[in-house]
Protein chains: 2
Amino acid sequence: MVMDVEWVAVDWGTTNLRAWLIAGDGEVLATCRSELGMSRLRPEEFEAALMETVEDALRSNGQIPVIVCGMAGAREGWKEAPYSAVPCAPPGLSEAVTPQTRDVRLQTFIIPGLKQLEPADVMRGEETQISGFLAGQPDFEGVICLPGTHTKWVRVSDRTITEFHTHMTGEIFSLLSSQSVLRHSLGGEGWDQDAFIEALETVIEDPTRISSRLFSIRAKALLNNTEDAYLRSELSGYLLGLELGGVGRKWLDQETVLIGDSRLVELYRAGLKILGINAIIVEDKDITLSGLRHAYAELVR
Amino acid sequence: MVMDVEWVAVDWGTTNLRAWLIAGDGEVLATCRSELGMSRLRPEEFEAALMETVEDALRSNGQIPVIVCGMAGAREGWKEAPYSAVPCAPPGLSEAVTPQTRDVRLQTFIIPGLKQLEPADVMRGEETQISGFLAGQPDFEGVICLPGTHTKWVRVSDRTITEFHTHMTGEIFSLLSSQSVLRHSLGGEGWDQDAFIEALETVIEDPTRISSRLFSIRAKALLNNTEDAYLRSELSGYLLGLELGGVGRKWLDQETVLIGDSRLVELYRAGLKILGINAIIVEDKDITLSGLRHAYAELVR
């Protein structure tokens, strides 16, 4: 079957690559996933990695637009797409860079990330998710939280990203639960919502408590044989409590939406509820694709 | 040369083992170090690991006392030495367990660690350092801080350990600087004391700030090419600030002594100074040996 692919959308992260082959009517004809993330490629290898994924879909003649977001635009990526500085609208095609390709059928655009100078912060990829969200809700005013390894808190006003902050909570949870002395006590998959909430409340009430409570997780396992599920939920609560305390009140008096992995956004919603915030969960697992579509629309407009 | 070894002192940690061969007059005849820490040994392998280190010193007949502290007494160690519960004096020989050995010349004693039920905490090894300190200053009343991978804060009153708290600051620093996204920006060996102090003050003033400041370390490297030494010192300041905040005021209105690695105790002293505390640094790099000597004295008394 010959697919009539009109353009290709690519979310190129640090550890993997997702591509969508899209027809003229907007239908997704195929989705592809590869482990060839930015961290595994030298600049001269990106084109071949992309071709592995999309070559079958290329026409024998004529160019196909490929719209890319994420770490492919980092300094160590395919071609550096210099950060746009906030305050600004989520960057689109007019800010994109176009790496030279050997195969002339590729017309590639890499969308830049965002930078904030004070306090220093950066993002690459999330700006396109925000663009996808704003495409559907152009009049949104408030705070967008994108939970993940590096959770982003983003303020939007008048279609402009005015400020953002990254929290490493997800990465710290992962390191502590898999690499630290706590790893012995946090196995399995179970969950204890009460332990999570109690730990959250403890740290929100007094953030300094987290410092001695972390090792206490290990001690409870040794002394009381406390279950792994309880302790893992507790660790998660302590760390999210510190994050939510750090986001601060001035951020949390606005409409707040949560976008991301469904399990994670539920934890954030529960945490925000303790602070009296009713956050709205936005269900769109392909919001990055929505952002890339929005960028592509600029090209054909 | 035949050494007339009277007894052997052993500090058996998770990752390595130190042994001192000691003459009847107390002189250290030899010190030995091995990588055969507790984590690399099954229970039945401890005796052989010890013999590798001390066999040459054993007499052809007659027993030699071997006084051991540290992780050899853990559940997964040589033989479990059940924790003594605080409040109590630092445990000594009367609380020790004696693993059975194939070689009858070994008369081995493993000193137990300490536990605290609420809040849950444990130590193995530091109790012997405290014992070594108190042997020299029996009337000390106040707080002993033992900085390290897992820093211990210990309250002592009337020769009794009344309460203690462990902070994982050292391990978290190590994980973030070698395993997280921050590792790209924290290489080398330099130090920037001003960056350290400023970060400390920031977190002491408002502990929740640490949550977004950590990723900002990465962003500053990307956006401003900030030097690694500055950023590493900053990370250290943020983490120590959270710890010192967590230790709390009720602990810090007493005489405070710092015992440990000289570089690390200097950082803690600088941090405590910001809180108005003049901590005293105790210079005794073999304080563990002092504690083991104190235990041995019970045997020959």
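A polar contact is a pair of N or O atoms within 3.5 Å; within protein, one atom must be able to donate a hydrogen and the other to accept it, and residues adjacent in sequence count only if both atoms are side-chain atoms. The model is predicted: local features need pLDDT of at least 70, side-chain atom pairs count only at pLDDT 80 or more, and totals for chains, interfaces and linings use all residues. Residues are numbered from 1 along each chain as its sequence is written, and side-chain values use heavy atoms, with hydrogens and water left out.

**Exercise 1.** State how many residue pairs are in polar contact across the interface of chain A and chain B.

Solution. The largest share, ten residues, comes from α5(A).

**Exercise 2.** Find the area that chain A and chain B bury between them.

Solution. Buried area is the accessible area (1.4 Å probe) lost by two parts on being put together, summed over both. Here it is about 3400 Å², 70% of it on carbon and sulfur atoms. In chain A, M168(A), F215(A) and L223(A) lose the most area to chain B, together 18% of what that side buries.

**Exercise 3.** Count the residues in contact (heavy atoms within 4.5 Å) between the two chains.

Solution. In chain A, 41 residues are in contact with 41 residues of chain B.

Technical notes. Chains are lettered from A and ligands numbered from 1 in the order in which they are written. Helices (H or I, at least four residues) and strands (E, at least two) are DSSP runs, numbered from the N terminus.
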